[in-house]
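Dear colleague,

Please find below the structure that I am handing over to you, shown together with its sequence. My notes on what was found in it follow.

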Amino acid sequence: MELTSLLQTFSAQKDSSQALSHFNYHFHQYVHSNGAMIDAYVISIMVNCCVRGGDLISAEKIVESEMKRFTDFRKSKLSEDSIKFSNGRQHSNLSTASLTSLMKGYAHSSSSSASSSTSNEHKGLTLLREMLSNKASCRYGANAYPNSRTVNTLLRGMVWGSSGCGGVKEARKLWKMLEKAEGSVSSKAGRLRDGVSIGYFVDLMLRGLRLAEIEKILEVFGDSDKDGNFNVEHETTMAKFLVGKMRVSVLLNENVEAEVEAGPAVHAKLAVLEKFWRGKEAELNTAAEGEGEFNTRDLSNIRYRAHKISVLKAELSRLTQVAFRRRVAEQEAGSDTSKRWGGRRDLFELMEKKVFVFGGGGTTELTDDTATATFSPTADVRANLRKSLVDNFGLYAGKKNVNSETNPFDGSIGDTGGFDLGAIFGSSTTNPLCVELGSGAGDWIVSQALSSPNKNFVSIELRSDRVSETINKVATATGGTGRGGSLTNLAVVGGECGEVLKLRVGDNKVETVFVNFPEPVQQQCNDIDDDENGHMLMKSNLKIIGACLLGNGKGRFVMVSDNLSYTRLIARLLTSLMCGGNTCRMNDGGEGVNVNQGSGLRRKELVRGRESQTVSIFCGMPNASVGWVGGGGGGGGGGGGSYFDTLWQAGAGANSSTEERYIIVMKSCKMGVISGRKAKKQKMGEKYISKSGNCGGEGGGGKNKKKKKKKSPASQAARNERRLEAKKKS
């Protein structure tokens, strides 16, 4: 119990390194001394802990180690040594729970190491295939048959486009596999797929523009409930499909009038769902006020579900407005079709020129692949970009006579594998370039691109479902300069942000890098200097951000968060990087932030690091002085809104502030980075450049005294004796 409790604590903290240390010690005792028991429950907790901490490799090693133990046990034919070795257990310690946790690792993974197994198949799909095999021959043991949670975890990974699970193409393969498995064993029929599974599959087929397949699936699974009861999962899936159907019709410019006419009925269905979840929220609030059972996580989940319904309502209204505006524009243009949205043709052209999907996943990996990442052969990069859009985003869906010999990315990807900004943005390449990392569903950056047509924007998002949402918003915008009002100054990129910045964007290119509401290291995110768990703004990525900015103070990094603890952590990471050579190539840019009365911002605190380095934290509502302009794309207030603004306003983020937003603004070094650790300074006019890292000369640069060597205990004791003797004499 003591080991189990300890591992559960480390898992909650996402501290895989500490958990591995304790686990390895007890596992050694278990194998060699027949001591502490390592059972299926402990294995399950440990795999989950590694996955939560972003350490997929260690999770795989634990599973492989237990598989080897079980295989050796079976080969030994129950010899005396093997019985002692297994502590009397004649079956594998791997369970459905532990392998589902491993599946969660594949679902989140963005690392290329999880992309394929030895069978040239995504590891998540291979894992499920082996779990579905006959119990007697299953190499994971008899207790590893999958359940609906295992299937849904894999499907969720496919929705995210993770390297370990795949996407739309793999989902269609999985669906056939599940149909076969459920048909062959009648007792398990319906056990592998549930309402959540159907919802995920609908999401994937909508992304691939495969409406016919969705309608077939929904026919098979029937109405809401055979007994006439309200089935919230089924009703939610139907509502998503109906909104998605209208989205596809607007994108392809097909059957738009019919979908607009059906809009009120869809809106009514969404209103029923929203009322359902608001009722559930009221029930929990009543329980909290009285003596009933109350769970804050349940309340947060209910608010999130209600929020998702409100997002669908907002999208339905937006699509209706887009259809109306485009119809009016077409009537005014008459026979002139040069500005008219051409549906499938223009959608595919936009994807070929402005969409680049290098990979996907759920979270940033703990292992720092970006630091050692190198360019793949350019031909492979171009081929993979095209394949990704064809397989997972519906490129060329329904189009005949596609020229397979011509790759549209031959022009936009340069000879070194990086972006050719001239080919992507055309004659507007002299415009400043702004990048948003972790752009989510694209609300904020679409709003910024519409408000700033004289700037070019790049959105970088890891999750493929969010990349797809951004593509849809770019294509269905009505205030841009493209056909039908679509945007031409925004490129949509899917992949790990550090890798995209380093390998595709390059150094000294970006005016501003924005990060809005990044996910903290831990959900609770206590005030600790923890950079061990994978997160978007870990030190390696902060260095890459600094390198891609325009130099000489012309580049800025702006972070907006609703979590003060996480903001403080990032400030401390930045101050540490600013020391000893300033490897992040940035200094505090707080002097340029407007904190005057009425600006909506105020300076909250100054985080101090070594060598007098400082980072300012501001709080309030972001304004134009930090680069937020326009009215906002997601219903947020003031200086620009986003999906996360609306989520924040709904109160769904239990560990986030519901009153303030916290902002860090950094600027690129004015005189470049000067390496070296000596405190010698070179005078340049009225400013100084410190070789210890204060390359801008502002906001710090105190005396850099030589660090004294720590005395040994014996030397310290002798020194104290001399002082006592001197004191007695005086």
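Helix H7 is largely enclosed by the rest of this predicted structure, because seven of its nine residues are buried. The buried positions are Lys123, Gly124, Leu125, Thr126, Leu127, Leu128 and Met131. Lys123 belongs to this helix, which spans residues 123-131, and its side chain makes a polar contact of 3.2 Å with the side chain of Glu60. The C-alpha atom of Lys123 lies 8.6 Å from that of Met103, although the two residues are 20 apart along the chain.

As a general point, nonpolar side chains in soluble globular proteins tend to be buried together.

With S8 (residues 601-608) it runs antiparallel, joined by seven bridges, and Arg603 has Phe618 as its bridge partner in S9. Five residues separate the strands of this hairpin, and Glu611 takes a positive phi near 55° there. With S10 (residues 661-668), S9 pairs over three bridges, again in the antiparallel sense; here Gly620 stands opposite Arg661.

Turning to the aromatic residues, the count comes to eight aromatic pairs. The pair of Trp175 and Phe201 is stacked, because the ring centres are 4.1 Å apart and the planes meet at 20°. The pair links distant parts of the chain, with Trp175 in helix H9 (residues 168-184) and Phe201 in helix H10 (residues 195-207), 26 residues apart. Trp175 is buried, with a relative accessible area of 3%, and Phe201 is likewise buried, at 3%. Trp444 and Trp628 form a tilted pair, at 5.3 Å centre to centre and 50° between the planes. Trp444 is in helix H19 (residues 443-451) and Trp628 is in the loop between S9 and helix H24 (643-649), so that the pair links parts of the chain 184 residues apart. Both Trp444 and Trp628 are buried.

A word on confidence is in order. The chain averages a pLDDT of 81, and 77% of the residues score at least 70. Over residues 631-640, however, the pLDDT is below 50, and this stretch has 33 contacts in the model beyond near neighbours in sequence. The pLDDT also stays under 50 over residues 672-705, for which the model has 76 contacts beyond four places in sequence. Where pLDDT is low, the predicted coordinates should not be read in detail.

With kind regards

Notes
Residues are numbered from 1 along each chain as its sequence is written. This is a predicted model: local features need pLDDT of at least 70, side-chain atom pairs count only at pLDDT 80 or more; totals for chains, interfaces and linings use all residues. Side-chain values use heavy atoms; hydrogens and water are left out. Helices (H or I, at least four residues) and strands (E, at least two) are DSSP runs, numbered from the N terminus. A polar contact is a pair of N or O atoms within 3.5 Å; within protein, one must be able to donate a hydrogen and the other to accept it, and residues adjacent in sequence count only if both atoms are side-chain atoms. pLDDT is the predictor's confidence in each residue, from 0 to 100. Contact means heavy atoms within 4.5 Å. Buried means under 20% relative accessible area, exposed over 50%, partly exposed in between (1.4 Å probe, protein chains only). Two strands pair if DSSP finds at least two bridges between them. Rings of Phe, Tyr and Trp (its six-membered ring) pair if their centres lie within 6.5 Å; planes under 30 degrees apart count as stacked, over 60 as edge-to-face and the rest as tilted.
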